[in-house]
Amino acid sequence: MFESLSYEQFSQDLEVSARRRELLYRDGRPFFVLLSQQFKRPDLELLCDTALAIRRLDPHRDGREFLRSLLRGLRIMNLFAQPSTRTAESFIAAADKLGASTRLVSDLRTSSFAKGESVDDSVRTLSSFFDAIVTRHPDDDFAARASWALARSLRPIPVVSGGSGKSQHVTQSLLDIFTLRQSFEERGGIDGKRILIVGDIARNRAARSLAYLLTKYEVGGIDFVSHRDYLPDDGLLAYLRGHDIEVGVHEQLGDFLERSGKDIDAVYVTRLQQEWDGDGSAPKGDLGTNEDFVLHWRYRDHLRRDCLIMHPLPRINELPEAWDDHPGFVVWNQVRNGMWMRAALFASIWGADEEIRARAHRLGLIDG
Ligand code: CP
């Protein structure tokens with residue numbers, strides 16, 4: 001299928017939902033994980049069930065030993081061309097939970113990329129030594145290009161994006177969905193909930209991926225509050241509206257919260273992505289966002305006490321620490337859920353997920 005497919009065609013085909021599954025899945029399992037749009041709702045339910053099963057098996061010695069036997073012998077390369085704390089470390093911890101070994105390359109100057117080696121040759125070389133590659137890169141299409149090159153090679157291995165330029169951070173949105181699902185468990189799930197996303201939407205891949213993934217639910221609406229320079233792009237807005245999502249776009253956080261805060265079920269705060277003003281590697285100067293896009297503590301009475309407060313981290317000034325004691329603050333749950341969800345994703349890629357869910361179900365740790 002890939003022999004005669006140019007990268008340009010592959011990239012265009014990823015925009016077409018009917019083609020995406022053929023290109024990114026093998027035997028019904030995710031093989032290349034690049035975009036939120038590639039997941040269907042049943043996929044998300046199974047991933048969340050698997051993540052929950054792993055979380056509940058892990059504290060028991062037998063459960064932990066069982067988990068660690070599942071991917072023993074597999075090797076995963078984490079190729080991170082941009083800084084990361086949570087994503088890199090949680091992918092490593094996730095692999096460890098399932099017994100796979102990992103290597104992290106976080107400075108591409110130490111690899112042959114620095115000598116001008118192409119993406120295609122580099123990832124084909126890595127596929128000789130590893131069973132999957134996790135990538136983070138400032139180029140929007142690095143992970144897609146690596147997937148295409150590997151799909152055409154004699155040793156195709158899975159590629160998981162750990163953050164693609166400004167466009168997508170698909171595994172962050174998976175852990176966000178898991179966090180939303182668990183947090184709304186007693187309140188009817190994600191359906192019907194109204195989500196507010198605040199910040200630099202144009203350049204925040206986590207916010208964009210979450211918005212795409214929320215289209216898999218019958219949410220009660222998505223509102224964006226952003227500076228006019230960083231509003232969601234027309235493509236994202238058209239996609240959301242094309243999926244019958246009620247979308248609001250606003251430029252004043254305080255005014256919006258005063259008017260509609262009590263109707264909001266979760267606020268997802270993001271930082272100003274200053275690194276994109278430079279070369280995409282490290283932010284410089286004053287990193288904080290404009291006061292207008294800070295979720296000030298004084299806004300607390302505009303929100304319900306059960307409203308979730310979320311952030312993909314790292315945070316600068318946009319979510320003051322006073323919020324950490326709010327009953328809806330789930331930011332540290334998001335961080336830990338990153339490990340469980342990334343483990344669930346690895347399990348799904350290598351076909352160990354059904355066994356995990358079955359064992360957890362037998363032990364009464366998850367519902368059937
Ligand atoms: N949320 C997130 O992607 O954090 P890191 O940049 O630390 O990986």
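The expected span of a helix is 1.5 Å times one less than its number of residues. Helices are DSSP runs of H or I, at least four residues long, numbered from the N terminus. This is a predicted model: local features need pLDDT of at least 70, side-chain atom pairs count only at pLDDT 80 or more, and totals for chains, interfaces and linings use all residues. Residues are numbered from 1 along each chain as its sequence is written, and side-chain values use heavy atoms, with hydrogens and water left out.

**View 1. Helix 12 from end to end.** Helix 12 covers residues 331-349. Its 19 residues should span 27 Å at 1.5 Å a residue, and its end C-alpha atoms are 27 Å apart, so the two agree.

**View 2. The kink in helix 12.** A kink of about 30 degrees is centred on N337. The bend at a residue is the angle between axes fitted to the seven residues ending there and the seven starting there. Just after the helix, G351 takes a positive phi of about 70 degrees.

**View 3. The shell around the ligand.** S84, T85, R86, T87, R136, H169, Q172, P312 and L313 surround the ligand (a heavy atom within 4 Å). The shell divides into 2 nonpolar, 5 polar and 2 charged residues.

View 4. A polar side-chain atom of H169 lies 2.9 Å from a ligand oxygen atom.

Note on methods
Polar contact = N/O pair within 3.5 Å; in protein donor to acceptor, adjacent residues only side chain to side chain. Nonpolar A, V, L, I, M, F, W, Y, C, P; charged D, E, K, R; others polar. Helix = DSSP H or I, 4+ residues; strand = E, 2+ residues; numbered from the N terminus.
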